[in-house]
Amino acid sequence: MAAEMSGGDLSRLRQLNALAVIKALQGQDSLTLTEVAKRTGLSRASTEDVVRELLQKGWVTEAGATAGGVGRPARRYRFRAEAGRVLGVDIGGHKIRAVVADLDGTVLQSARVPVTPEMGRLERLEAVDRAVTECLEGAGLTGGEIWASGVGTTGLVDGAGRVLLSEALPEWTGVDLAAHVRRLAPAPVLVENDSKLAALAECWRGVARYAKDMVFLLAGLRTGAGLVIDGKLHRGFANASGEIGALPVLGWIRAQEHLSAANGEAGDVFAAARNGDKAALAAVRRYVKDLALGASALVLTLDPQMVVVGGGFSRSADVLIEPLKRELDRWCIRTPEVRMSALGDEAVVLGAVRLALDDVEDRVLDGRSPLVSHL
């Protein structure tokens, strides 16, 4: 005889079922109970119970009925994406980007403030304040109306939202970003490394939506990596996974210097290589060799389905992809599919939005629905 489920088990099951129904409805115009049951694998009776509870809590609303057929028209339901808002922030060397999104992840408002890599801590934090304030005002919101915020930054980040180490930005090590952003939007603030967030975005909205195991390469003025294992962002024991660039022998620290040594901006070098310039082609080959060495180590370790190249240099996919594939062929037992990001410089901020939405959904699972206090 099977053991009886405890009260805690039943509560957890209800929360999981609620999240399954929410995910089935997200991104859809509306669904009937039968359609929701089919998508979730729940019985129709269980689906009806869950939908009734979500209606009471404000996560779901009726969306009219299906006309036609025999008998009473079937009621339709939709997810209330407009019920809440989340904030996403990308803190980079050249820009601060802030966006407000609804609970489906649709970006409703954005703001961008230019910065420089040499800018100090106080100036950069002031730029963060300007971007967030401008974005909230443009969306007609106050910080108190934000349900959760996600923040992406270069460097190693701890679980509390503090930058433990950043070599790319001056005076950035030790910044408590969670506390800083919480001044503007007091709801939970989640902070993560930018490469990891870009990987998260690629699996959510980018070219890796069908890949369970993926290596994301941040290729730009700085080189980094994010790992997705079995469909989940891999952070590691101390949130330091993917920091393979810390090994000088792999060349990621110096990789972009090959392009600057070709007497031009990286974009100009790629353009010259595209036109067949021999010096530019040689510079790109040297850059790709350094990029591929660390990428090969990750591929050999994880055997991923896909490698996605993003970051500022991803706009030069036509120049980078084939040389990168050839280098991976040299070192890897099996070369995975290599794709360029479709999200470009949107990847990190979209990953920040997804991070915030994950927090909101976690609160559905543990029964702390934000809607309870907003309805």
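Two strands count as paired if DSSP finds at least two bridges between them, and strands themselves are DSSP runs (E, at least two residues) numbered from the N terminus. In this predicted model, local features need pLDDT of at least 70 and side-chain atom pairs count only at pLDDT 80 or more, while totals for chains, interfaces and linings use all residues. Residues are numbered from 1 along each chain as its sequence is written, and side-chain values use heavy atoms, with hydrogens and water left out.

Let's start with β4 (residues 85–91), which pairs with β5 (residues 95–102) in the antiparallel sense over seven bridges. Three residues lie between β4 and β5 in this hairpin, and Ile 91 has Ile 96 of β5 as its bridge partner.

## How enclosed is β4?

Seven of the seven residues of β4 are buried, so the strand is largely enclosed by the rest of the structure. Buried means under 20% relative accessible area (1.4 Å probe, protein chains only). In a regular strand, side chains alternate between the two faces of the sheet. One side of β4 holds Arg 85, Leu 87, Val 89 and Ile 91, and the other Val 86, Gly 88 and Asp 90.

## A look at Thr 154

Thr 154 sits in the loop between β7 (146–153) and β8 (156–157). Thr 154 counts as buried because its relative accessibility is 6%. Its side chain makes a polar contact (N or O atoms within 3.5 Å, one able to donate a hydrogen and the other to accept it; residues adjacent in sequence count only if both atoms are side-chain atoms) with the side chain of Arg 222, at 3.2 Å.

How values were computed: Helices (H or I, at least four residues) and strands (E, at least two) are DSSP runs, numbered from the N terminus. Buried means under 20% relative accessible area, exposed over 50%, partly exposed in between (1.4 Å probe, protein chains only).
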